[in-house]
Amino acid sequence: MTTRTQLRPGMAIPPGETLLEELEARGLSQRALALRIGRSPQVVNAICRGSKAITAETALSFERVFEGVSAEFWLHLQSDYDLAVARLREKSA
């Protein structure tokens, strides 16, 4: 498992970046992941790009594919990202 990306002030790092690292570390393609979780490759790609959030259902699917990486891990990444984005928006308003 890759290490959890730490958020730094002024930055919001989408969980898709960690997903891409995990895919690379395990030698999986986005398409292979999509097939394993029963989602379209477009959905997986949107998560990787940061344009689609990781839902609880998706986190459970990732947990089944990525042995040793809990659904909670993926949801925490999403939650941290959402909070960082909200803080950045508030700061710039």
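I take buried as under 20% relative accessible area, exposed as over 50% and partly exposed as in between, with a 1.4 Å probe and protein chains only. My helices (H or I, at least four residues) and strands (E, at least two) are DSSP runs, numbered from the N terminus.

**Ground rules.** This is a predicted model, so I noted that local features need pLDDT of at least 70 and side-chain atom pairs count only at pLDDT 80 or more, while totals for chains, interfaces and linings use all residues. Residues are numbered from 1 along each chain as its sequence is written, and side-chain values use heavy atoms, with hydrogens and water left out.

**Around α3.** Just past α3, I saw G50 take a positive phi of about 90°.

**S61.** Next I went to S61, in helix α4. S61 counts as buried because its relative accessibility is 5%. Leaving aside neighbours within four places in sequence, I found S61 in contact (heavy atoms within 4.5 Å) with I37 and R39.

**Salt bridge.** I searched the whole structure and got one salt bridge, meaning a side-chain nitrogen of Lys or Arg within 4 Å of a carboxyl oxygen of Asp or Glu. The side chains of R26 and E22 form a salt bridge at 2.5 Å, N to O. Both sit in helix α1, four residues apart, about one turn of the helix.
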